[in-house]
Amino acid sequence: MTAFGKLIRTTAFRLTLAYLFLFALFAASLLGYFAWNTRRLITEQITSTVNAETSEISDIFARRGLRGLVFSIENRALRPGANLYLVTAPNGQALAGNVGSLAPGVMATSGWSETAYRRLDEQDTADHRALARVTELSNGFRLLIGRDLEERRRLFGIVAKAAQWSLLVVVVLGLGGGIFVARRVLRRIDAMTGTTQRIMAGDLSGRLPVGRSGDELDRLAENLNAMLERIEALMVGLKEVSDNIAHDLKTPLTRLRNRAEEALAKSGTEAEYRGALERTIEESDGLIRTFNALLMIARAESGQARGNMDDFDAADVAKGIHELYEPLAEDGGMTLQVRTVSAPLHGNRELISQALANLVENAIKYGKPVASAQALGADAVAPSARDILIEARRDGDSVLLSVRDHGPGIPEADRKHAVERFVRLEASRTQPGSGLGLSLASAVATLHSGELRLADAYPGLAATLALPASAGISDRLAAQTPDVPQKVA
Amino acid sequence: MRLLIIEDDRESADYLVKAFREVGYVADLAGDGEEGLSLADSGDYDVLVVDRMLPKRDGLSLIGALREKGNRTPVLILSALGQVDDRIKGLRAGGDDYLPKPYSFAELLARVEVLSRRHGGPTEETTYRVGDLELDRLSHRVARGKDELTLQPREFRLLEYLMKHAGQVVTRTMLLENVWDYHFDPQTNVIDVHISRLRSKIDKGFERPLLHTIRGAGYMIRDGIR
């Protein structure tokens, strides 16, 4: 497409053309109206002058006879800028006046007519036009009084000229303006297109140029930029995930491979083979779990899990998870307690349950009282130090689902770090786990427009899922009496 | 038991057919959705194992077409899409169970056996009996021999599920799904702890253990040793 073709195809240019047409139409009708009215006005003026003079001269003829008439006519005809006068005898002969020649037949019919004429004193042969009234006087004498139409014609000419010029100006200015605006818009659109093409080619960091005028194109560019920002963040997230998958799945895969290789190399007993195979299956199950967790985080972070939301009570989630993990905690020498107040939520129940389960699993794994206390002997550790408390409550517009332990906690500097994928603060990695628990909890909180807060429980860790309370059903549920805190041994 | 496996990946399909034949089942194979639909419609199968993504006709539409024709054969959906909402979509489409890939054959086998039992089995009984263990579903009474056992509500539901499928392997995920209604993978052995508590209540002090651990698969309640 040529540059010009592109230009005239722009919306701005087309709009200009449409406006141009409208304005031209408007100017033409305005001038037309003006011309028509002026013409009417001049004609009216002529007829009223002629009518007055006709009755005046008829009067003179009636009072003073033919002589008086001829005298009056000659007198009037000599004045500068005089009207047209002609008096004819019943045989058609001109008796007085200033008209040299007339279109034939004009004198024969009474009333108004438009006619070509020539004055007596005129030398040129140019035809003039006049508006004239012929009146029959008594005795067959006829009187013509008229006025030249040159004035009317000139005025009409001026209006026509004005119309021509104004049309020309409108068209030139309109086209020029249209091309100017279209080029301006086109330049900006071209800049945007260029950026988009760069982005499509893979450079996700490109951003559309945003002007300072704050017009609709700027707003569009700003919105597109915000969209690009989000896309880039998602892409970075995706890349991070795949990097992490590559990194953290390769290690167990290598381990898996090494074990299989080792078992194959050693000519062992059947029991040894069996053991190696069982460990292989165990290891691959762990891999699958890690993989699932990663996918789930990715889905939660990308907002795909939003489709499956309903209303439920956070207290039920807390009680359900307490019920599921209570025996496990007891096996680990801890006491899992739950304290709930009815707190309605709108969200993905399954994901929130899993997030809370992850926090509880962490508390069971890492929330044991610190060694210094244990050094005094198991009896010295107060029973409450082995408590893990799951709590569901409301705090203003938030629903808080928290898990509190009395373990070593997480130093403040490490808290932000702890939420990242595959981060396991316990360097020795003696506890089983993928390092994805807090990442998933955090992603679930973000999905519900909430956040995961890690705080000091003096001593211990307080991990809290702070989620926005659901608006609609909150009041109904809040009216119910809070559940009595319960302790299950 | 007659099974139809509808799976387009040749290798996993052959593996499944072989594995099912080894445990004594008749397994037929269909490689795409159309073939699967006509076989499932004409053949008399106890359970269909359907991959979700199939050439010619996808798994969910296949199940929908079957159900429309009034075919109620239990269907287990296999899918690489393992998320909660995918599972719900699958079950809404008419599937009876949903197993995300990758799965262990033990898990698949356990679920297929439960499905086939559900289909052809007798109507729900009110009392389950395994050996001298007796569970009354209406009065919530559990007794072993002459001893009355006191179970927590969740332990009762756990035992109820195990006894409903007595003689069948029940996997940990099946327990988590059916007793607790959670569909996520706990990273810990949380189910094992519940089982061991239950076991201490129903087996401790008795000569013949009823609740068995099946290595690499799950648990089974039955009288006597396999």
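pLDDT is the predictor's confidence in each residue, on a scale from 0 to 100. This is a predicted model: local features need pLDDT of at least 70, side-chain atom pairs count only at pLDDT 80 or more, and totals for chains, interfaces and linings use all residues. Residues are numbered from 1 along each chain as its sequence is written, and chains are lettered from A in the order in which they are written.

Colour chain A by pLDDT. Its average is 79, and 86% of the residues score at least 70. Select 373-380 of chain A: pLDDT is below 50 here, and the stretch has five contacts beyond near neighbours in sequence. A contact means two C-beta atoms, placed from the backbone, within 7 Å. Go on to 472-489 of chain A. Here too pLDDT is below 50, with 18 contacts beyond near neighbours in sequence.

Switch to chain B. It holds eight helices and 12 strands; these are DSSP runs (helices H or I, at least four residues; strands E, at least two), numbered from the N terminus. Among contacts between residues at least 6 apart in sequence, 57% join residues at least 24 apart.

Now show β6 to β9 of chain B. These four strands form an open antiparallel sheet, ordered β6-β7-β8-β9. Strands pair if DSSP finds at least two bridges between them. Select β6 (127-130) and β9 (147-149) of chain B: each has a single partner strand, so one side of each lacks a neighbour in the sheet. From one strand to the next, the twist averages 20°, with axes fitted as lines to C-alpha atoms and angles running from 0 to 180 degrees between N-to-C directions.

Zoom in on β6(B) and β7 (residues 133-136) of chain B. Four bridges join this antiparallel pair. Finish at Tyr128(B), which stands opposite Leu135(B) in β7(B).
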